[in-house]
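Grab a pencil and work through these exercises with the model open beside you. Each one sets a task and then walks through a solution.

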Amino acid sequence: MTVLALETSCDETGVAILRGRNGDSRSELLASDVASQIAAHEKYGGIVPEIASRNHLICAPRLLDRAASSANIGLSEVDAFAATSGPGLASSLMIGASIAKGLAIGFAKPYLAINHLEGHLLSPFFGDVENGNQIRQNVSLIVSGGHTMLIFVRDLGDYQLIGRTVDDAAGEALDKVAKMLGLRYPGGPEIEKHACGGDPTRFDLPRSMLDSENFSFSGLKTAVRYLLPKIVISSEVKRSRETAMKNSVGNATGSLDSARDDVISDLCASFQEAVIDVLVRKTIAAAQKYRVSLVTVSGGVSCNQELRKQLGEACVREGFEFKNAEPWLCTDNAAMIAFAALLRSRTRFESKVTEEVDPNLALV
Ligand code: KG4
Ligand code: ZN
């Protein structure tokens with residue numbers, strides 16, 4: 001069984017070809033490619049849907065050709081065509097889904113409409129050769145740019161919502177705070193970079209809704225917004241004091257710049273710590289409540305090394321096994337969609353080519 005999948009839910013165009021082995025449940029990734037549009041959207045500080053869909057249209061055919069040639073197969077040898085059908089940007093989803101549907105019709109093969117969040121949710125099991133890619137019961141934390149969710153996974157397709165964000169997703173909060181700080185888009189990796197070496201205890205930032213299974217990150221974002229002018233003012237005071245010193249004792253530009261860098265670095269570290277603290281506490285509480293032995297994490301924010309470290313350590317401390325996808329599988333990609341499609345196809349799941357994409361497609 002060979003599946004070709006397209007992922008175009010947001011600003012990454014992804015194409016992957018995955019072959020399931022006959023006789024066991026293992027799989028082999030024949031090709032996976034992602035064309036990032038970060039450069040096209042960066043100057044707007046966020047994603048422009050019109051630009052995203054146009055770029056998908058330009059990139060997808062090229063990626064398809066490249067994937068088929070690096071997998072060394074013809075498209076007629078593919079057994080099923082899959083695409084992300086939601087949630088995401090309607091005009092972006094439509095591009096990948098239309099191409100997959102066209103290929104499915106053209107080659108008279110099944111079409112599989114895959115939920116983007118299920119792609120993330122299953123990604124920690126990708127390439128898990130030891131257990132032959134079987135999905136095991138677990139509590140799953142999905143942390144992406146648009147979603148923050150805790151899911152109790154009983155089995156493939158058997159999911160129960162534990163909690164979700166009531167306002168901003170964790171990734172969204174990271175992106176917005178990075179923008180406030182004048183950092184580049186996407187903000188998550190920038191915050192992580194600036195947090196490195198910073199003091200995570202310097203700024204006392206709120207941890208919201210700790211007694212709930214849901215999340216809220218908008219209060220934390222607002223706390224940073226209110227803190228920022230005070231920090232800027234106090235670093236300006238420091239700056240003018242140092243300038244006065246400089247005039248009397250020589251060049252102190254280096255120390256001025258480093259004082260400003262320290263503040264940003266400490267603020268990023270404190271903010272990142274507040275996000276991670278909440279994510280870890282709630283995930284562990286859910287794992288205890290649902291009595292699972294395994295905790296998984298997925299989605300773009302799970303690239304964050306500090307989150308991986310802290311959640312991993314908390315799992316060891318509390319006696320849970322911990323699984324996270326490799327970083328390249330955490331941000332949007334088509335391999336996770338192909339993987340979800342392959343697993344789903346084994347349960348005889350198939351979609352109609354008349355099925356519309358759904359920007360608000362729910363997982364549970
Ligand atoms: O899963 P994803 O690629 O796209 C969505 O489905 O939304 O997640 C994108 C999010 C963005 O908010 C981005 O800032 C965040 O993942 N992100 C990170 C890191 N890399 C990406 N957040 C924290 N640390 C990172 N290293
Ligand atoms: Zn995603």
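**Exercise 1. Find the element that gives the most to the lining of the second largest pocket.**

Step 1: The answer is strand 5 (residues 111-115), which contributes 3 residues. Strands here are DSSP runs of E with at least two residues, helices are runs of H or I with at least four, and both are numbered from the N terminus.

Step 2: On a 1 Å grid over the protein atoms alone, a pocket is an open set of points with protein on both sides within 12 Å along at least five of seven lines, whereas a cavity is a set where a 1.4 Å probe fits but cannot get out; lining residues have an atom within 4 Å of a point.

Step 3: This second largest pocket has a volume of about 180 Å³. Its lining has 15 residues, and Ala 113, Ile 114, Asn 115, Phe 349 and Leu 361 are the closest to its centre. A volume is the space filled by probe spheres set on the points, with grid points joined across faces, edges and corners.

A word on the ground rules: this is a predicted model, so local features need pLDDT of at least 70 and side-chain atom pairs count only at pLDDT 80 or more, while totals for chains, interfaces and linings use all residues. Residues are numbered from 1 along each chain as its sequence is written, chains are lettered from A and ligands numbered from 1 in the order written, and side-chain values use heavy atoms, leaving out hydrogens and water.

**Exercise 2. Work out why the largest pocket lies between domain 1 and domain 2.**

Step 1: Start with the volume, about 1,100 Å³. There are 40 lining residues, with Ile 47, Ser 144, Gly 145, Asp 175 and Tyr 185 closest to the centre.

Step 2: Check the elements. Strand 3 (27-36), helix 1 (38-42), helix 4 (116-122), helix 5 (170-180) and helix 6 (187-195) each give two or more residues, and helix 5 has the largest share, at 6.

Step 3: Now the domains, whose bounds come from an automatic or database assignment. Domain 1 (2-126 + 328-345) and domain 2 (138-324) both supply lining residues, so the pocket sits between them.

**Exercise 3. Say what lines the second largest cavity.**

Step 1: This cavity holds about 40 Å³ of space.

Step 2: Its lining includes Val 301 and Asn 304. Helix 8 (residues 253-289) gives the largest share, 4 residues.

**Exercise 4. Locate the cis peptide bonds at Pro 87 and Pro 186.**

Step 1: Gly 86 to Pro 87 is cis, with omega near -10 degrees; Pro 87 is in the loop between strand 4 (80-86) and helix 3 (90-106).

Step 2: Tyr 185 and Pro 186 are also joined by a cis bond, omega about -5 degrees, and Pro 186 is in the loop between helix 5 and helix 6.
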